[in-house]
Amino acid sequence: MITIYHNPRCGKSRDCVRHFETIFEDINIVQYLQAPLDHKAITTLLQKLNCSALELVRTKEPIWITNYSGKELSENEIIDAIVQHPILMERPIVVKGDKAVIARPLERIDDLF
């Protein structure tokens, strides 16, 4: 099963979904802005991505710049910021089993197969 954390307003995210729809019939698309992840789900996702919370953040988003940029934040504080403002989460994220990648560029999905 492939899960894609998707923002339909993002061109890269739409490209990723289209790519997987041509290969697999059984994909799970999570529109994370409509169904935000909680702290535990983000922590699990970070483990699958094998990255820090900051690597999951879109640091050029105005919300990040205004509220968090330049501050020393713990992993939990960054995760809390993503929970509070899901738009901060990078996209698309593709999960297969216990592995995940931020599919920017799309070729990074090759790491899952």
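**Figure 1. The buried face of helix α2 in the predicted model.** Within helix α2 (residues 39–49), the buried residues are Ile42, Leu45, Leu46 and Leu49. Viewed down the axis of α2, these buried residues fall within an arc of 105°, so they line one face of the helix. The structure shown here and in the other views is a predicted model. An α-helix has 3.6 residues a turn, so residues three or four places apart point the same way. Packed against the buried residues of α2 are β1 (2–6), α4 (75–84), β3 (93–96) and β4 (99–102). The exposed residues Lys40 and Gln47 are carried on the face of α2 turned away from its buried side.

Figure 2. Asn50 is found in the loop between α2 and α3. Although Asn50 is not a glycine, its phi is positive, at about 55°. Asn50 has a relative accessible area of 71% and is exposed.

**Figure 3. Packing of helices α2 and α4.** The two helices, α2 and α4, pack at an angle of about 115°, and their axes are 9 Å apart. Their crossing is right-handed. On the α2 side, His39, Ile42, Thr43 and Leu46 take part, meeting Asn76, Ile79, Asp80, Ile82 and Val83 of α4. Helix α4 has Ile78, Ile79, Ala81 and Ile82 as its buried residues. Seen down the axis of α4, these fall within an arc of 155°, so they line one face of the helix. The cover over the buried residues of α4 includes α2 and α3 (62–67).

**Figure 4. Helix α1 and its buried face.** Helix α1 (residues 11–23) comprises 13 residues and reaches 19 Å from its first C-alpha to its last, close to the 18 Å expected at 1.5 Å a residue. Its buried residues are Ser13, Cys16, Val17 and Phe20. Seen down the axis of α1, these buried residues fall within an arc of 95°, so they line one face of the helix. They pack against β1, β2 (27–31) and β3.

Figure 5. Ser13 lies in helix α1 and counts as buried because its relative accessibility is 0%, the cut-off for burial being under 20%. Leaving aside its neighbours within four places in sequence, Ser13 is in contact with Tyr5, His6, Asn7, Arg91 and Pro92.

**Figure 6. The nonpolar cores.** The largest nonpolar core has 24 residues, and those with the most contacts inside it are Tyr5, Leu45, Leu49, Leu56, Ile82, Met89 and Ile93. The elements α2, α4, β3 and β4 each give two or more residues to this core. Apart from it lies another core, of 11 residues, including Ile4, Cys16, Val94 and Val101. When neighbours within four places in sequence are set aside, Met89 is in contact with Tyr5, Tyr32, Leu37, Leu45, Leu56, Arg58 and Ile82.

Figure 7. The peptide bond from Arg91 to Pro92 is cis, with omega near -10°. Pro92 has its place in the loop between α4 and β3. Also cis is the peptide bond from Arg104 to Pro105, where omega is near 0°. Pro105 lies in the segment after β4.

How values were computed
Residues are numbered from 1 along each chain as its sequence is written. This is a predicted model: local features need pLDDT of at least 70, side-chain atom pairs count only at pLDDT 80 or more; totals for chains, interfaces and linings use all residues. Side-chain values use heavy atoms; hydrogens and water are left out. Buried means under 20% relative accessible area, exposed over 50%, partly exposed in between (1.4 Å probe, protein chains only). Helices (H or I, at least four residues) and strands (E, at least two) are DSSP runs, numbered from the N terminus. The arc is that of the directions from the helix axis to the C-beta atoms. Contact means heavy atoms within 4.5 Å. The expected span of a helix is 1.5 Å times one less than its number of residues. A nonpolar core is a set of buried Ala, Val, Leu, Ile, Met, Phe, Trp, Tyr and Cys residues joined through side-chain atoms within 4.5 Å. Axes are lines fitted to C-alpha atoms, for helices over the stretch in contact, and angles run from 0 to 180 degrees between N-to-C directions. A crossing is left-handed if the near helix is turned anticlockwise from the far one by less than a right angle, and right-handed if clockwise.
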